[in-house]
Amino acid sequence: MSAAVQDERVSFLLEILRRQKYAANTLFTLLDDNGDGVLTKEELAQGLLRLGTADLELTEEDIEKVVDALDMNKDGFINYQELFAFLDSSETFLSSARTNANVTLFSERQVLASDMQYASIGNENAITAVEGVANFRRVDGYPVYICSSTTSTSTADVLLNIGAGARRVLWINLREEPVLYLEGSPIVVRDAEHVESNVEHLFGILGGAPTEVESRLRGTLLERFNGSPADVYLNAETSRPFDLTPESLVTADVIFNQIASENSLSVEYHRVPFQMDSPPEESEFDRFIEIAKQMDTSGKDETVLVLQCQTGGDRSTFAAICACILYEAIRNDRYEDSVMEEIYKSGNDAPDLLRGEYHSVRSLMSYLGDGEKSKAQVDRLIDASESAVNIRREIFESVMRAEGEVETERPRSFWITRGIKLLQRYWYLIVFAAYCNAMVESGFSQSFRDWVQQFPGLKKLIVSLELR
């Protein structure tokens, strides 16, 4: 393995650790298997596997370089202070890894796979049955729609269904990995041995230039196959050859422009990558705001928003809640604090954690000043968008499984990891609500990223998140 490739792999391993946004003490506890207060190479290797790096086939040299990068006192181990210093570093610590033009987008050990293998995941609460589209639904009362990956045909069906001929549609693809269209169907890169799993090192490389990365992947594939057939996996067991030509292999914006032209539709395609397992970076929130604030807030729905991820689940629902927060802020909608009583009308005996009343969330509410109102707004919108995912319930169920209250085949560490990541998302929704309501009168003159940075206590709070 060349030194350049090795360094690239190590940068991605460090990025995987950094982007977890775990509380430092929680992440350290997860990694410190024997509880002796230091992380060995073996513990770090096992921990990285649990964090989703199995597809990378980690080598001993990979681990040694990661340890060397974190081990400030060079004793061969990583202590808590060293891990905390790394997690507390600036957002730009590894920004070059996300946009590195030398990242290998398609190698000899990788294959192409259909992105439509999740299209059969239905949703009984979808507003209508659009063939080949999973979890297609509208957030009731808001000009916000959600859907999974779509083919060119089902994209047109969705647009026609929501009346794109008579209104403007802002379509935001939230995928964190490169996606291309082959003969009108979305395809992605997968490792040959793990066709149904995402390629971890491709996560995060889109950065602020997703269309450029996808164009580069298209060029790489056209050069690699040079007009000859390429096997594309339709699922883990079945593949069939497709001819890769400049006409058959295109980027998504080409598909959307064709659909708009052929059907006289007003649609704008945007790419804003949101992390799959963690909340977006603050800069990603800002890119999202610039697009989403163009929604029609008059109630006439003349401009609507479509949010798309692979399954139409976690990421799209998270983004939909953000969009609804933004919508209410622009409209100056206000709800009484007593709305919380309505949200939990099932009874006063509901567990506090099911209400999202974690210690770190209460601390955040106190820190923000109007944090109670922000949390009440977020909780109401979570419930309005819950037909596919309810983030509070997902956190609570992760806690129950981690504590052994619910039987599960997965290890406790998995549920702690999942619960903390979901809690981070919940936490950021409350912060985002506070930001929108504070900055809307100035036309969002200050970015979310800059606004967060002026409150240093927020960063201290998020590195202390715990599931209690």
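I count as helices the DSSP runs of H or I with at least four residues, and as strands the E runs with at least two, numbered from the N terminus. I am working with a predicted model, where local features need pLDDT of at least 70, side-chain atom pairs count only at pLDDT 80 or more, and totals for chains, interfaces and linings use all residues. I number residues from 1 along each chain as its sequence is written, and side-chain values use heavy atoms, with hydrogens and water left out.

**Entry 1: Asn257**

I looked up Asn257 and found it in helix α9, residues 252-263. Is Asn257 buried or exposed? I call a residue buried under 20% relative accessible area, exposed over 50%, and partly exposed in between, using a 1.4 Å probe and protein chains only. Asn257 is exposed, because its relative accessible area is 52%. I also checked Val267: it is ten residues from Asn257 in sequence, and the C-alpha to C-alpha distance is 8.1 Å.

**Entry 2: Arg175**

Arg175 sits in the loop between β6 (168-173) and β7 (180-182). Its relative accessible area is 2%, so Arg175 is buried. Its side chain makes a polar contact of 3.5 Å with the side chain of Ser149. For a polar contact I need a pair of N or O atoms within 3.5 Å; within protein, one must be able to donate a hydrogen and the other to accept it, and residues adjacent in sequence count only if both atoms are side-chain atoms.

**Entry 3: the sheet**

I traced an open sheet of six strands, in the order β10-β9-β3-β8-β7-β11, with mixed pairing. β10 (239-243) and β11 (249-250) are at the edges; each has a single partner strand, so one side of each has no neighbour in the sheet. Two strands pair if DSSP finds at least two bridges between them. Strand β9 (residues 229-233) runs antiparallel to β10, and five bridges join them. Asp231 is opposite Pro241 in β10.

**Entry 4: the cores**

A nonpolar core here is a set of buried Ala, Val, Leu, Ile, Met, Phe, Trp, Tyr and Cys residues joined through side-chain atoms within 4.5 Å. The largest has 71 residues, and Phe288 and Phe448 have the most contacts inside it. Helix α16 (residues 412-439) gives the most to this core, with 17 residues. Another core lies apart from it, with 24 residues, including Trp171 and Tyr269.

I then listed contacts of Phe448, taking contact as heavy atoms within 4.5 Å. Beyond its neighbours within four places in sequence, Phe448 touches residues including Phe285, Ile289, Tyr428 and Phe432.
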